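Hi,

Here's the structure I promised to send over.

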Amino acid sequence: MARVIMEKVYIKQILEEPKIDSDIVVRGWVRTKRQSKNVTFINISDGTTIHTIQAVVEADTVSEEILSKINTGACIEVYGKLIASQGNQKVEVKVEKINVLGEADPEKYPIQPKKHSFEFLREKAHLRPRTNTFGAIFRIRHALSFAIHNYFNDHGFFYLHTPIITGSDAEGAGEMFKVTTLDLKNPPKTENGEIDFKEDFFGKETNLTVSGQLEGELGALALSKIYTFGPTFRAENSNTSRHLAEFWMIEPEMAFYDLVDNMDLAEDFIKYLVKYALENCADDLWFLDARFSDEEKQKPMAERSEMGLIDKLKFVTENDFQRLTYTEAVEILKNAKKKFQFPVDWGTDLQSEHERFLVEKHFKKPVILTHYPKEIKAFYMKEAEDGKTVKAMDVLFPGIGEIIGGSQREDDYEKLKNRAAQVGIEEESIWWYLETRQFGSCPHAGFGLGFERLVLFVTGMGNIRDVIPFPRAPKSADF
Ligand code: 4AD
Ligand code: MG
């Protein structure tokens with residue numbers, strides 16, 4: 001006989017479909033305990049929802065010894081009846097029995113029921129998911145991941161698993177973490193004194209991938225539409241609120257797409273994701289909306305966001321993104337009254353202050369910049385007709401700056417080979433990539449969405465280290 005699985009009931013379900021007067025068991029972590037003479041109120045969270053449930057213990061139902069173990073952070077199992085409540089919440093639990101599953105010493109438990117700084121909580125990354133804010137963020141992060149797979153599945157894309165360990169540098173920026181099993185104290189050497197990677201595990205130099213794109217293109221040139229969604233690694237020493245050393249990237253790649261198709265897809269995709277969050281994460285977004293407004297009030301008037309969090313999200317779903325070329329953007333920036341820290345000139349890369357000016361001050365909506373000078377973009381981007389620019393696109397978002405980077409790809413074998421050589425990429429590291437341009441090449445395009453930048457935007461948080469459970473950044477890889 002098949003074993004019947006006894007479904008446990010979690011707080012989200014209890015609150016959404018309350019069965020008044022039923023016997024229930026609630027398990028979770030104590031948020032607060034309030035004791036008066038005849039009654040004790042215990043607030044319990046199990047992380048399935050932003051809401052807590054209140055357990056009401058009348059005098060003499062639970063021993064003093066057990067009550068003394070029920071402190072903030074302890075894990076308990078409560079047996080009782082679900083009853084209608086006179087308080088703010090619709091229901092509460094009238095307690096019959098409590099088991100303490102795991103105590104938490106109130107002198108030592110670091111997460112107290114008060115406002116902690118995010119810096120402090122980053123040092124407690126093993127416990128911060130138990131707070132309201134981080135619970136909300138990680139539930140939204142989950143919902144967005146799910147929505148990403150949904151979107152691509154519904155649109156005929158195949159999920160392609162690209163490797164984490166590679167021998168190539170897709171972005172050509174040289175910001176890679178090495179992967180090796182060689183003895184660092186005593187590595188094998190070649191005759192001319194260099195480290196002999198032939199002796200290494202893979203028989204060559206390898207690193208953690210900075211992007212799944214190159215392999216993604218191989219998939220698109222066979223299955224038409226693919227996407228990757230995996231961890232990527234960058235050893236760039238940028239200690240900013242927008243960069244991580246390990247982040248997740250979503251990279252769709254489509255055969256027969258040109259730059260305009262690529263922009264249309266990026267815009268539709270991101271609007272779908274934001275809308276999905278609005279429709280499926282309402283409780284968590286209301287909570288974060290209030291947090292966001294509190295936070296904005298601390299800022300000087302001129303820096304405050306004109307919109308609340310939820311308004312900002314709706315605004316993105318309801319308005320077309322502004323599309324313009326890099327050259328047009330440079331003109332706007334040169335004519336701007338604002339003094340920038342970094343000067344703008346045709347040919348230089350835009351800094352975050354320029355991107356944010358365009359999005360937040362000039363157009364006041366998301367912007368897609370295209371046709372960047374080829375010198376400041378990756379080798380694989382398709383050269384435009386003018387011979388100076390490439391068919392690149394960056395999607396820029398308020399408060400974030402660049403959220404998506406992508407392009408139409410160079411599909412001409414000679415041009416691609418020459419460009420790779422010009423920027424110093426060795427042919428032997430990408431011979432397989434070049435070969436796809438010799439066997440059945442076709443126009444194709446794709447982009448990369450930085451998942452944490454998306455979560456940053458949707459949650460209204462200010463630092464990218466607060467939207468990934470266990471952030472990796474320079475000098476920080478605990479947990
Ligand atoms: O613009 P990037 O470097 O583009 C690529 O890697 C392409 N191969 C993508 C493609 O066309 N398939 O990175 C894409 C996005 C950026 O727009 C940004 O959102 C995010 O990845 N990103 C980072 N996110 C967090 N920390 C970092 N260090 C990031 N670097 C890039
Ligand atoms: Mg980029």
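I started with what surrounds the ligand. By class, the shell around ligand 1 is made up of eight nonpolar, eight polar and eight charged residues. Keep in mind that this is a predicted model, so treat my notes as a reading of that.

Of those 24 residues, the ones that come nearest to ligand 1 are E171, Q213, R234, E251 and E402. For E251, an N or O atom of the side chain sits 2.7 Å from a nitrogen of the ligand. The side chain of Y380 also has an N or O atom 3.5 Å from a ligand nitrogen. With G450 it's the backbone: one of its N or O atoms is 3.3 Å from an oxygen of ligand 1. On its own the ligand has 620 Å² of accessible area, and the protein covers 93% of that.

Which elements give two or more residues to that shell? They are β11 (246-255), β15 (401-408) and β16 (444-450). The biggest giver is β15, with five residues.

Now the sheet. It is open, with mixed pairing, and its eight strands run in the order β6-β10-β11-β16-β15-β14-β13-β12. The edge strands are β6 (158-159) and β12 (322-325); each has a single partner, so one side of each has no neighbour in the sheet. Further in, β10 (residues 225-233) and β11 are antiparallel and joined by nine bridges, with F233 opposite E246 of β11. Helix α13 (residues 451-459) packs on the sheet, where it touches β10, β11, β14 (389-397), β15 and β16, and its direction is at about 55 degrees to that of β16.

Cheers

Technical notes
Residues numbered from 1 in each chain as written. Chains lettered and ligands numbered in written order. Predicted model: local features only at pLDDT ≥ 70, side-chain atom pairs only at ≥ 80, totals over all residues. Heavy atoms only, no water. Near = heavy atom within 4 Å. Polar contact = N/O pair within 3.5 Å; in protein donor to acceptor, adjacent residues only side chain to side chain. Areas by Shrake-Rupley, 256 points an atom, 1.4 Å probe, with all protein chains shown as cover. Helix = DSSP H or I, 4+ residues; strand = E, 2+ residues; numbered from the N terminus. Nonpolar A, V, L, I, M, F, W, Y, C, P; charged D, E, K, R; others polar. Pairing = 2+ DSSP bridges. Contact = heavy atoms within 4.5 Å. Axes fitted to C-alpha atoms, helices over the stretch in contact; angles between N-to-C directions.
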